[in-house]
Amino acid sequence: MQFVFNLDQAISYDNQPVSLNLQYMFDFLKDNGHQLIFTSTGAVRNMLLKLDRRFHNEAMISLEGAVICKEGALEQLSTFDQMDFETIQQLIEKYDATFLMEGEWDYCYTGGDYHAIAPTVDPAKLGQNVSLKKVGPISHITILAAEGIEDMRLELSKQGFNVQSKGQENPQLLITPKRINKWHALQKLGVSEKNYVAIGSDLTDLAVLEHAEHASMIGFTMELAHYAESRLPNDEKVEKHIIDKCYELSKKYTV
């Protein structure tokens, strides 16, 4: 059985490395014949920092499904085509927006050194902050700030882009190419419907939980509740809840 874990605030908190206890659980799953898949809204270069080296060759889905990594090899599944990219550029100029645009590995960041996101863009300096001409095909765009960010979101949505708003006090917009999500990426990794276990916590996990044999939700998100067979309390013992559930499911779905 394949076990799919969301690294973002599900098993890794505040961009910190995954705990030793969770790493031992990963080892247990692998020793019992299960496969691991990690997902994130962030880039692969930052996913690597959260995982011990022994897990760096596990399958990964980054940038909400736009890029996958299998046995260390990157593949961009979806990028903005020229027309869509030009539309976004026009809106960036219209709303005087700052942004983070992600390519396969490198990126273009205009938020400055003092933006809250700056320390997390590339903390280990594994990639390069390059110009848009050098970054290559773009797989993910984060609008960090804009003059009228809600109006910009509405315009992007009308154009058919996948747009999510993140944060309330200083909202950001997460934009991915059309027709892309984590479930599409799982299929590209050879995962079939009802043939995996998923543990997630936010709306980016919706499609993943929907197609899982067993979906487990951390905390409570209304949109995920319909697809979750089990719910893990997001309290001070959340890590223990995750580990206990994975041990239980490992025995249930013995390979």
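**Sheet, helix packing and a buried valine**

Modeller: An open sheet of 5 strands, ordered 7-6-8-10-9, shows antiparallel pairing. This is a predicted model, where local features need pLDDT of at least 70 and side-chain atom pairs count only at pLDDT 80 or more, while totals for chains, interfaces and linings use all residues. Residues are numbered from 1 along each chain as its sequence is written, and side-chain values use heavy atoms, without hydrogens and water.

Biologist: What makes strand 7 and strand 9 the edge strands?

Modeller: Strand 7 (107–109) and strand 9 (162–166) each pair on one side only; pairing requires that DSSP finds at least two bridges between two strands. Strand 9 and strand 10 (residues 172–176) pair in the antiparallel sense over 5 bridges.

Biologist: Why are helix 3 and helix 6 called roughly antiparallel?

Modeller: Helix 3 (residues 82–94) and helix 6 (residues 149–158) pack at about 165°, with axes 11 Å apart. Angles under 35 degrees count as roughly parallel, over 145 as roughly antiparallel, 65 to 115 as roughly perpendicular and the rest as oblique; helix 3 and helix 6 are therefore roughly antiparallel. Their contact (heavy atoms within 4.5 Å) involves Ile88, Leu91, Ile92 and Lys94 of helix 3 and Met152, Glu155 and Leu156 of helix 6.

Biologist: How do you know whether valine 130 is buried or exposed?

Modeller: Valine 130 has a relative accessible area of 16%. Buried means under 20%, exposed over 50%, and partly exposed in between, with a 1.4 Å probe and protein chains only; valine 130 is therefore buried. Valine 130 lies in the loop between helix 4 (118–121) and helix 5 (132–135).

Technical notes. Axes are lines fitted to C-alpha atoms, for helices over the stretch in contact, and angles run from 0 to 180 degrees between N-to-C directions. Helices (H or I, at least four residues) and strands (E, at least two) are DSSP runs, numbered from the N terminus.
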